Amino acid sequence: MDSRLIAWGRAVKRRDPQAQIPPLWFFTDAQRTPDPLAVIARLPLGLCGVVLRHDQDPDRARLARRAAKICRARRLALIIAGDARLAASLKAGLHLRGGAGRVRSHTGLRSASAHDEAQIRQARRADVALVFISPVHPTASHPGARGLGAAGWRRLAARLSPVRGKAPIKPFALGGMSGRHVRNLGPECAGVGAIDAFF
């Protein structure tokens, strides 16, 4: 586990102890984390959230129920990627890929991923609370994709500036993130999503 990233997350949490959205998020990945429950069980208490993907798992609903149980015990937030019905059944949040998705019936925490300005606009229309802007750096999840770099991430994060009458959307960083990389993003970065950093 990346101790520098954990320390950064704790510092973010100390600055706003009442914040409802954790600063650190573990993204499950069927290839790189075939047993996500073992990783979830080791995440720091009350500091992290989990974005459950594992879309092709034939027993995804059972996996999600087991993940939800661990998350409740460890005071971790849980978001289900792309399945509003499963998210609602678990009283979990919903993650929208590329900022888009059907969310009319979901009232819990909503997040989105965004790779460009068009997806940022879609995320805004979906009334999400946080957006994972990615990939900041080259990553195994997006082989061959160029990273945005710190400057590109900040440019997209600026598109999430508050709009009158709407709750602010928090910009998070995703893609090759570590405790070393997150410090280059500056105070605008509200949090980080990662895979390998939590092993």
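Q: How much of the contact count in the protein chain comes from residues 24 or more positions apart?
A: Contact means heavy atoms within 4.5 Å. Take the contacts in the protein chain with a separation of 6 or more: 56% of them are between residues 24 or more positions apart. Keep in mind that this is a predicted model, where local features need pLDDT of at least 70 and side-chain atom pairs count only at pLDDT 80 or more, while totals for chains, interfaces and linings use all residues. Residues are numbered from 1 along each chain as its sequence is written, and side-chain values use heavy atoms, with hydrogens and water left out.

Q: How many helices and strands does the protein chain have?
A: Helices (H or I, at least four residues) and strands (E, at least two) are DSSP runs, numbered from the N terminus. Here you'll find seven helices and eight strands. The radius of gyration is taken over C-alpha atoms, and the globule rule is 2.2 Å times the number of residues to the power 0.38. This chain comes out at 15 Å, close to the 16 Å that the rule gives for 199 residues, so it is as compact as a globular protein of that length. Its C-alpha trace spans about 40 × 40 × 40 Å along the principal axes.

Q: What share of the residues counts as buried?
A: Buried means under 20% relative accessible area, exposed over 50%, and partly exposed in between (1.4 Å probe, protein chains only). Of the 199 residues, 50% count as buried.

Q: Which residues have the most contacts inside the largest nonpolar core?
A: A nonpolar core is a set of buried Ala, Val, Leu, Ile, Met, Phe, Trp, Tyr and Cys residues joined through side-chain atoms within 4.5 Å. The largest one has 64 residues, and Leu 24, Trp 25, Ile 80, Val 131, Val 192 and Phe 198 have the most contacts inside it. Helix α3 (residues 60-74) gives the most to this core, with five residues. As for Phe 198, its contacts include Met 1, Leu 24, Trp 25 and Cys 48.

Q: Is His 95 buried or exposed?
A: Buried, because its relative accessibility is 3%. You'll find His 95 in strand β4 (residues 93-96). Among the residues it touches are Phe 27, Ile 80, Ser 111 and Phe 132. A polar contact is a pair of N or O atoms within 3.5 Å; within protein, one must be able to donate a hydrogen and the other to accept it, and residues adjacent in sequence count only if both atoms are side-chain atoms. The side chains of His 95 and Ser 111 make one of 2.7 Å.

Q: How many salt bridges are there in the whole structure?
A: A salt bridge is a side-chain nitrogen of Lys or Arg within 4 Å of a carboxyl oxygen of Asp or Glu. The search finds seven. One of them joins Asp 29 and Arg 53 (3.6 Å, N to O). Those two sit 24 residues apart, Asp 29 in the loop between β1 (24-27) and α2 (36-40), Arg 53 in the loop between β2 (48-52) and α3.

Q: Which residue forms a salt bridge with Glu 117, with the closest N and O atoms 3.1 Å apart?
A: That's Arg 155. Glu 117 lies in helix α5 (residues 117-125) and Arg 155 in helix α6 (residues 149-158), so the pair ties together parts that are 38 residues apart in sequence. Arg 159 forms a salt bridge with Glu 117 as well, at 3.3 Å.

Key:
Lists of a residue's contacts leave out its neighbours within four places in sequence.
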